[in-house]
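I keep these entries as a record of what I looked up, in the order I looked. Each entry covers one topic.

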Amino acid sequence: MSPISRGFRRRNSGPAGAEGRLPPGQYLTDGFPVLSAGPTPHTPLDQWTFSIRRNGAELKSWSWAELRDLPAETVTRDIHCVTRWSKLDTEWRGVSMDTLLGAVAHDEGYVLAFCDGGYTTNLPIADVTDGQAWVAYEYDGEPLDPEHGGPARLLVPHLYFWKSAKWVRGVELLDHDEPGFWETYGYHMYGDPWREQRYSGD
Amino acid sequence: MEGTAVQRRLTWLVATVTGIVDETPSVRTIQLDVPGWPGHRAGQHLDVRLTAEDGYVAERSYSIASAPGELVAITVERLEDGEVSPYLTEELRVGDQLELRGPVGGYFVWEATDARPLLLVAGGSGVVPLRAIVRERERRGSDAPVRLLYSSRTLTDVIYRDELDAYGDGIAVSYTLTRAQPPGWTGYAGRVNSALLAEVAWPAHDNPLAFVCGPTTFVETVAEALVGLRYPPGQVKTERFGASGR
């Protein structure tokens with residue numbers, strides 16, 4: 001039984017149309033807060049690549065120019081950060097992970113996304129295929145800001161936003177689930193906002 | 001960036017307010033008795049859950065202001081358009097109960113066994129987890145030398161000022177006031193930038209460990225400047241407050 005906080009009341013009813021779009025424990029924001037564990041990396045685009053690896057060996061790699069030549073999609077999605085803000089109708093442009101993973105033969109069940117700055121995060125393959133994930137390089141019609149993960153970040157909007165790894169440089173194919181950066185520090189291995197899977201054990 | 005796996009379930013605990021300290025006109029520290037609290041490390045945060053009379057529930061994260069081994073305390077800044085912070089800073093009384101769970105986060109933490117020089121850079125209420133680090137250093141008798149650079153709008157907005165000014169050997173506190181400085185102010189004025197950090201921060205060759213906490217643009221500026229001063233990115237730990245935290 002939760003104690004009642006007398007005098008505490010709901011203040012933010014949210015905009016019309018938001019009903020049913022806010023996962024439990026989240027609140028709406030119009031801003032775009034930033035969360036990361038260290039300094040923002042700045043990799044020159046002429047040195048940037050996106051790679052798919054297995055056992056540390058590169059199976060396929062795209063330069064920045066090659067990635068930009070791939071078919072791109074513009075998608076509008078709601079995003080949900082584990083620190084409790086949610087933002088509705090965010091617009092992104094990027095390359096579907098289906099396109100990228102389709103370039104290699106694979107039967108693994110998981111990927112570990114790796115990034116500039118040493119950040120990693122783990123995802124089931126089933127959650128980054130079938131039109132559910134992108135390598136995004138534009139936000140709201142503009143090139144993605146470095147502080148928001150530019151030049152490119154993973155976009156996996158149906159999971160908490162730490163899974164949408166900033167400064168992504170590729171994925172490692174894994175036959176088992178392996179915790180990434182925040183997952184090692186007690187955050188949930190899967191991170192479904194609708195089941196409020198914030199921390200290990202939720 | 002290796003960490004220790006935390007594989008226990010975080011359950012909601014009922015906490016009782018045992019003390020309230022007004023730090024500034026818009027910031028207060030709330031001391032809590034939390035039976036079952038598993039303990040925390042300096043720099044971690046926790047989640048607060050409030051339940052209204054009509055059953056409405058709101059959750060927010062706050063940095064822990066106290067050192068490991070002390071009573072759990074959070075320091076909360078009132079955000080005018082906020083929902084939870086006005087309640088915590090204006091309505092909450094000693095003896096009231098609320099729910100919390102934690103600790104959360106294992107990267108932005110400092111261990112007293114780490115002897116490296118510490119650079120702590122705070123913007124506004126970003127000083128809260130850094131204060132926990134300083135208190136832990138005092139409690140544990142660490143010899144790690146500390147330089148704390150704390151940016152506030154005005155002197156009135158400085159949180160924990162008496163405590164910070166009372167620290168002695170080994171902890172050098174520098175203030176910079178960005179909006180207004182009182183007559184005779186001998187601290188710094190203006191926003192933290194590369195030149196100020198070059199003056200105040202440990203040189204990179206001292207192998208320092210940096211903790212930076214504050215609003216997004218502040219943290220971006222400071223972290224970028226420290227990398228420019230040749231701090232290895234892995235030795236610059238950041239915690240950012242979003243533009244819209246409520």
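**Entry 1: terms and ground rules.** Helices (H or I, at least four residues) and strands (E, at least two) are DSSP runs, numbered from the N terminus. The model is predicted, so I noted the limits: local features need pLDDT of at least 70 and side-chain atom pairs count only at pLDDT 80 or more, while totals for chains, interfaces and linings use all residues. Residues are numbered from 1 along each chain as its sequence is written, chains are lettered from A and ligands numbered from 1 in the order in which they are written, and side-chain values use heavy atoms, with hydrogens and water left out.

**Entry 2: a charged patch.** I looked for like charges on the surface and found A:E91, A:D140, A:E142 and A:D145 in a patch of negative charge. Patches are made of residues with over 30% relative accessible area and no salt bridge; like charges are joined within 9 Å, and nonpolar side chains (Val, Leu, Ile, Met, Phe, Trp, Tyr) within 5 Å. Lys and Arg count as positive and Asp and Glu as negative; His and the chain ends are not counted. The place of a charge is taken as NZ of Lys, CZ of Arg, CG of Asp or CD of Glu. Accessible areas come from the Shrake-Rupley method with a 1.4 Å probe, and for residues only the protein chains shown count as cover.

A:E91 sits in strand β5 (residues 85–96) of chain A. Its relative accessible area is 33%, so I wrote it down as partly exposed. (Buried means under 20% relative accessible area, exposed over 50%, partly exposed in between.) A:D140 lies in the loop between β8 (134–139) and β9 of chain A, and it is exposed at 52%. I also noted that the phi of A:D140 is positive, near 55 degrees, although the residue is not a glycine.

**Entry 3: helix α2 of chain B.** Does the helix sit enclosed or open? I asked how many of the 14 residues of α2(B) are buried. Ten are, so the helix is largely enclosed by the rest of the structure. Among the buried residues are B:V127, B:L130, B:I133 and B:V134, and also the charged B:R131, B:E136 and B:R137. I checked the length of this helix (residues 127–140) as well: 14 residues at 1.5 Å each should span 20 Å, and the end C-alpha atoms are 20 Å apart, which agrees. The expected span is 1.5 Å times one less than the number of residues. After α2(B) comes B:G141, with a positive phi near 65 degrees.

**Entry 4: salt bridges.** A salt bridge is a side-chain nitrogen of Lys or Arg within 4 Å of a carboxyl oxygen of Asp or Glu. The count over all chains is 28.

In chain A, the side chains of A:E108 and A:R54 meet at 2.6 Å, N to O. This pair links distant parts of the chain, 54 residues apart: A:E108 is in the loop between α2 (97–101) and β6 (110–115), and A:R54 is in strand β2 (residues 49–54). A:E108 is buried at 12% relative accessibility, and A:R54 is partly exposed at 26%.

In chain B, B:R49 and B:E99 form a salt bridge at 3.1 Å, N to O. B:R49 belongs to strand β3 (residues 45–51) and B:E99 to strand β6 (residues 97–104), 50 residues apart. Both residues are buried.

B:R240 is in strand β12 (residues 236–241) and B:E220 in helix α5 (residues 216–228), so the pair ties together parts 20 residues apart in sequence. B:R240 is buried at 3%, and B:E220 is buried at 12%. I also found one network, joined by salt bridges that share partners: A:R84, A:E196, A:R198, B:D47 and B:E59.

**Entry 5: backbone exceptions.** Most residues other than glycine have a negative phi, and most peptide bonds are trans. I listed some exceptions. A cis peptide bond joins A:G150 and A:P151, with omega about 15 degrees; A:P151 lies in the loop between β9 (142–143) and β10 (153–155) of chain A. Another joins B:G102 and B:P103, with omega about 0 degrees, and B:P103 is in strand β6 of chain B. B:R230 is not a glycine, yet its phi is positive at about 75 degrees. B:R230 is in the loop between α5 and β12 of chain B and is exposed, with a relative accessible area of 70%.

Note on methods. Buried means under 20% relative accessible area, exposed over 50%, partly exposed in between (1.4 Å probe, protein chains only).
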